[in-house]
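Trainee: I would like to learn how to read cavities and cores. Please take me through them.

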Amino acid sequence: MSAATSPAAPRRRGARRIPLTWLGMLPFLLYMLVFLGAPLYVVVHGALTANGHFTLSNFSAILTQAQYLIPLKNSVILSLWTSLGPAILGLALAAAVVAGPRDGVLRRVVSSASGVFAYFAGAPLAFVWFASLGTLGVITVFFKTTLGYDLAKHFDISSQLGVGICYFYFQIPLMVIFMTPALEGLKPEWEEAARNLGATRRSYIRHVAAPVLAPSFIAAWLILFGSAFSAFATMLALDGCTQVVVPCKIYFEMSNNVLTNSIPFGLALGTEMIAVVGIVMIFYWWVQRRAGRWLR
Amino acid sequence: MSNIDCRAHTRFGRRTIRLYTVVMAAVGAAVAFGALGGSPSSAATGHSASVNWATVTSVKAGGGMAALVAAAKKEGKLNTITLPDNWANYGTQIKEFKAKYGITVNDAIPEGSSAQEIQAIQSGRGSSTAPDVVDVGESFAVADANLFAPYKVATWSDIPAGNKAANGDWYNDYGGYVSFGCDLAVVPSCPTTWAGLEGSAYKNAVALNGVPGQAGAATGAVFAAAINNGGSLTNAQPGLTFFSTLKSDGNFNSTDCDSSSVIEAGQCPIIINWDFLNVAGAWGLPSTAKWKVVVPTGTPLGEFYAQAISKTAPDPAAARLWEEFLYSTTGQNNFLKGFARPVEQAALVKNGTIDKAAYKALPLVPGKPVLPTPAQTTAAATLIAAGWSS
């Protein structure tokens with residue numbers, strides 16, 4: 001790498017190289033077409049079809065009937081608090097870690113642990129939850145036998161609180177991963193400059209750090225919201241979708257053992273989820289652009 | 001310093017992009033080759049020169065059992081779908097069928113659903129891996145009868161008239177009744193009536209297998225609760241009311257009890273489920289488990305599953321041989337050994353060919369059972385699906 005420190009000769013053959021770059025992208029675009037485009041078409045087309053004809057009836061059903069609206073409400077409520085909570089806790093953890101020495105043990109442990117735990121979800125996570133906090137889980141049993149306190153009477157892992165806190169398990173590390181680079185982008189010079197001009201630490205945070213970090217924070221929170229909104233396997237494994245969120249309702253409609261004509265409603269719900277995630281992504285993209293202004 | 005860092009970073013980035021381009025190109029090429037090489041070969045039609053088994057409607061019409069066995073052996077395989085080993089003893093059925101005829105059985109998605117079985121027929125047309133035979137909820141058999149090839153097994157007359165399509169599109173294979181399975185390591189005793197579930201000893205105890213409106217067993221549980229709490233085969237609403245009371249009393253347990261591991265973790269004190277799926281053996285519990293199954297007193301609700309042969313079966317002779325096997329005395333007794341009630345049970349009892357030990361091991365049915373028609377099942381399921389999620 002040291003050779004690279006000599007000034008690089010300006011290479012401006014950009015115009016010639018563009019077609020080649022696109023050629024390199026081609027397999028990826030093809031991949032996207034097959035694994036994103038085609039399923040998207042199947043879902044949206046199916047949602048707009050009944051008995052082989054174009055119809056909006058599937059959408060009018062999912063937007064008017066309580067059995068489809070309540071899962072949407074459940075999803076939004078669950079996703080809101082399981083993204084806001086971890087966003088705040090994750091920011092605090094990331095800030096604590098970034099404040100420490102760059103190559104410190106704490107920092108290395110937290111960042112590699114975050115990398116692992118952020119993707120530890122679904123059935124394995126649910127099993128960990130059962131084994132630790134279930135009716136016969138080790139923690140529950142410990143509380144009962146050693147401390148004489150019956151945790152199971154007050155905390156049910158398949159309640160909304162139980163499932164939601166389970167989401168924290170992968171949401172907090174995800175937030176740490178997103179926020180650490182943003183926090184690292186806060187230059188010490190800015191604080192020194194502010195202090196030199198008479199700012200207190202508090203006013204530095206309020207007038208410099210917070211505004212610079214806000215777009216990154218909001219963007220990360222939006223990702224967390226999307227992650228909670230689309231979480232399915234954890235919910236299914238923990239309580240078998242007895243709390244019905246949208247992905248669960250889609251599963252009921254797509255994989256039904258008792259109703260023969262439910263698939264179009266599942267596809268309509270799928271389209272609804274794509275729309276919600278699409279809106280979240282547009283916001284994310286817009287906020288990210290603002291974040292990019294300072295933290296680059 | 002930071003400037004130099006920055007440039008180094010950019011160069012590294014560019015190199016990464018180039019590497020990425022190469023890798024993506026390689027992956028793309030691999031995908032393209034895979035798509036070319038892996039396209040499904042057109043399925044062998046598998047019929048002998050003289051007989052087209054795909055349209056044969058009985059073993060007699062096809063030239064007898066020996067001809068069917070020969071044709072099936074020539075096909076060499078059978079594609080089934082969604083037959084878990086511990087479901088109505090399908091593990092044994094498959095093992096014995098393989099041993100008897102030397103035909104490979106490929107079971108796709110063992111944990112799937114009836115809807116997925118139907119989809120697999122529709123999307124698998126022309127593929128050698130499409131399902132040959134299905135075992136679906138009766139309402140699916142009725143709704144999708146146009147996908148099936150009519151066939152009447154040799155013992156057709158032993159199947160009660162109410163348990164089959166008159167033209168042979170589909171036929172019930174086995175069934176059972178809504179029951180309570182109790183983990184006596186957690187609850188002191190097993191309730192014997194629906195009202196008993198509301199007892200104070202069963203706090204946070206009453207669980208289901210799956211979700212009402214999606215899973216057959218859980219939907220049956222709500223339907224049976226309706227029938228035994230002022231409802232009827234045409235009115236499932238009281239079932240929803242019964243469960244909302246169980247929830248508000250704190251007796252309902254929201255765990256999805258669908259495997260032995262959740263039961264052994266003590267999460268499922270009482271499971272309301274079809275009896276043939278609810279016995280210790282069906283759950284795969286150890287013989288030491290304190291597990292008891294009771295069909296509650298009152299009006300037991302029964303349900304039968306249905307067999308059908310796909311019209312587009314890639315192995316039409318093996319499919320027909322499989323049906324002959326399931327409806328033979330051996331096949332029907334195998335269902336019985338899996339605690340399911342075979343559809344030809346009455347005939348087996350009459351002929352004295354029933355497996356007496358297995359017959360005795362079934363839970364008692366106290367009361368006169370009812371069997372809903374497919375239309376009643378669908379109407380009840382629609383109401384239950386809408387009511388449960390809202």
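**Cavities and cores**

Mentor: The largest cavity holds about 90 Å³ of space. On a 1 Å grid over the protein atoms alone, a cavity is a set of points where a 1.4 Å probe fits but cannot get out. Points are joined across faces, edges and corners, and the volume is the space filled by probe spheres set on them. This is a predicted model: local features need pLDDT of at least 70, side-chain atom pairs count only at pLDDT 80 or more, and totals for chains, interfaces and linings use all residues. Residues are numbered from 1 along each chain as its sequence is written, chains are lettered from A and ligands numbered from 1 in the order written, and side-chain values use heavy atoms, without hydrogens and water.

Trainee: Which residues lie closest to the centre of the largest cavity?

Mentor: Lining residues have an atom within 4 Å of a point. There are 13 here, and B:Thr219, B:Gly220, B:Phe223, B:Glu303 and B:Thr377 are closest to the centre.

Trainee: Which element gives the most to this lining?

Mentor: Helices (H or I, at least four residues) and strands (E, at least two) are DSSP runs, numbered from the N terminus. H6(B) leads, with four residues.

Trainee: And the largest nonpolar core: which members touch the most others?

Mentor: A core joins buried (under 20% relative accessible area, 1.4 Å probe, protein chains only) Ala, Val, Leu, Ile, Met, Phe, Trp, Tyr and Cys residues through side-chain atoms within 4.5 Å. Of 111 residues, B:Leu78, B:Phe97, B:Trp194, B:Leu197, B:Phe243, B:Ile272 and B:Trp322 touch the most other members. H6(B) gives the most to this core, nine residues.

Conventions. On a 1 Å grid over the protein atoms alone, a cavity is a set of points where a 1.4 Å probe fits but cannot get out, and a pocket is an open set with protein on both sides within 12 Å along at least five of seven lines; lining residues have an atom within 4 Å of a point. Buried means under 20% relative accessible area, exposed over 50%, partly exposed in between (1.4 Å probe, protein chains only).
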